[in-house]
Amino acid sequence: MRFILPLGLIATTLAIAPVRFDREKVLRVKPQDEKQANIIKDLAKTNQLDFWYPDAIHHIAANMTIDFRVSEKEFHSIQSALDQNKMHYEILIHDLQEEIEKQFDVKEDIPGRHSYAKYNNWNKIIAWTKKMVHKHPEMVSRIKIGTTVEDNPLYVLKIGKRDERRKAIFMDCGIHAREWISPAFCQWFVYQAAKTYGKNKIMTKLLDRMNFYVLPVFNVDGYIWSWTQNRMWRKNRSKNQNSKCIGTDLNRNFNVSWNSFPNTKNPCLNTYGGPEPESEKETKAVTDFIRSHLKSIKAYITFHSYSQMLLFPYGYTSKLPANHKDLAKVAKIGTDVLATRYETRYIYGPIASTIYPTSGSSLDWAYNLGIKHTFAFELRDKGKFGFLLPESLIKPTCKETLLAVKYIAKYILKHTS
């Protein structure tokens, strides 16, 4: 009898232990010419490199800053290859697991109260959506727009008055699971909008005349996975036919120049665009919602991290959109306004030339659908912490971003019909 294990122990041995990243490193390399760029591409073919910036091998080019994660085991061979080819590199993160643990550097204010200075897991966010509606019934309502692959609800919070005909802005956060600062901003935005209505002149004017639809976490399953199993997870959690590799990159799954780049057909890649456009339940829920509110939605804003950029279309072509000058003007003033708070510098421009070319992105899809003001924020920082921005930087990031979003909203109110 003494061989019987307690049930709890059996359960924990069956559960998958979360991935650890002890002594893994994040390197930054800037290839000086095509030859050096090709060396990095070759290293990526023979080593397990997780690209943080850009997000895929085929974007790598001369004079581009490239950040990637490498395991402790592979670090020395990568290091010697870089040294042999006289390629300059710096180590941004020496021990990834340490940085992951150091992220949580803010103490809980009051237990039981939702904290906007901390990263919140999905359970906390879902409880918060309910609380916001309860606290501000005149101003906030919760709309279930669909469910995820793992049957989690997708909630949009509508902020504003009941009138559906008013101009609206759709905002989403957390399309990529590991970009935690993004959902933190959506929570901050909703909180500030509801709290400062009637007190802050600009916010009051905005909410008196327009609505905001906010999706606090687009990729719920991936976000949960990044909390419980793998902090570096990016995609959703759908199963792929004939492959052991899980997940689709939801920001490559939109029906706009879908799958038009090389290497996007491999389900094991972080940028896999899915078997077909809108194949993913999450993408479909969002596109259906936006299409059904197209008359009122005048702007679409999506939040990512990292690199401090304000982007607009296009990603899949270097051709500029018809209202390019208008978008560039809004982005320029938006980034200037953002910098007034803490002097954080953002650059701005079309996706393809400012960050790197992408296909199947939500931004280009929304623009081609007829929403002529679409923007993507790449929030802090520029790579020191990458996806692991410490909690102590959540509030400053949110405060400065809010200034830019309010400016964009004011512009939309005044200049769109």
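A polar contact is a pair of N or O atoms within 3.5 Å; within protein, one must be able to donate a hydrogen and the other to accept it. The views below show a predicted model.

View 1. The side chains of N253 and S279 are joined by a polar contact of 3.1 Å. N253 is located in the loop between α8 (220-228) and α9 (281-292). With a relative accessible area of 0%, N253 is buried. Beyond four places in sequence, the residues that N253 touches include T248, W258, G273, G274, T283 and G360.

**View 2. The largest nonpolar core, with 121 residues.** The residues that touch the most other members are F170, M171, F185, F189, F212 and F377. Helix α13 (residues 394-415) makes the greatest contribution to this core, with 11 residues. Because domain 1 (25-103) and domain 2 (122-415) both give residues to the core, it lies between them. Leaving aside neighbours within four places in sequence, M171 is in contact with residues including F185, F189, F212, I301, F303 and V405.

**View 3. The aromatic pair of F303 and F377.** The model holds 26 aromatic pairs. F303 and F377 are stacked, at 5.2 Å centre to centre and with 10° between the planes. F303 belongs to strand β9 (residues 297-305) and F377 to strand β12 (residues 373-379), so the pair ties together parts 74 residues apart in sequence. F303 is buried, at 1% relative accessibility, and F377 is buried with a relative accessible area of 1%.

**View 4. An aromatic cluster and charges over rings.** F104, Y119, W180, Y223 and W227 are linked into a cluster by ring pairs. R237 lies over the face of W233, 4.6 Å from the ring centre. K372 lies over the face of Y367, at 4.0 Å from the ring centre.

Note on methods:
Residues are numbered from 1 along each chain as its sequence is written. This is a predicted model: local features need pLDDT of at least 70, side-chain atom pairs count only at pLDDT 80 or more; totals for chains, interfaces and linings use all residues. Side-chain values use heavy atoms; hydrogens and water are left out. Helices (H or I, at least four residues) and strands (E, at least two) are DSSP runs, numbered from the N terminus. Buried means under 20% relative accessible area, exposed over 50%, partly exposed in between (1.4 Å probe, protein chains only). Contact means heavy atoms within 4.5 Å. A nonpolar core is a set of buried Ala, Val, Leu, Ile, Met, Phe, Trp, Tyr and Cys residues joined through side-chain atoms within 4.5 Å. Domain bounds come from an automatic or database domain assignment. Rings of Phe, Tyr and Trp (its six-membered ring) pair if their centres lie within 6.5 Å; planes under 30 degrees apart count as stacked, over 60 as edge-to-face and the rest as tilted. A charge sits over a ring if NZ of Lys or CZ of Arg is within 6 Å of the ring centre and within 35 degrees of the ring normal.
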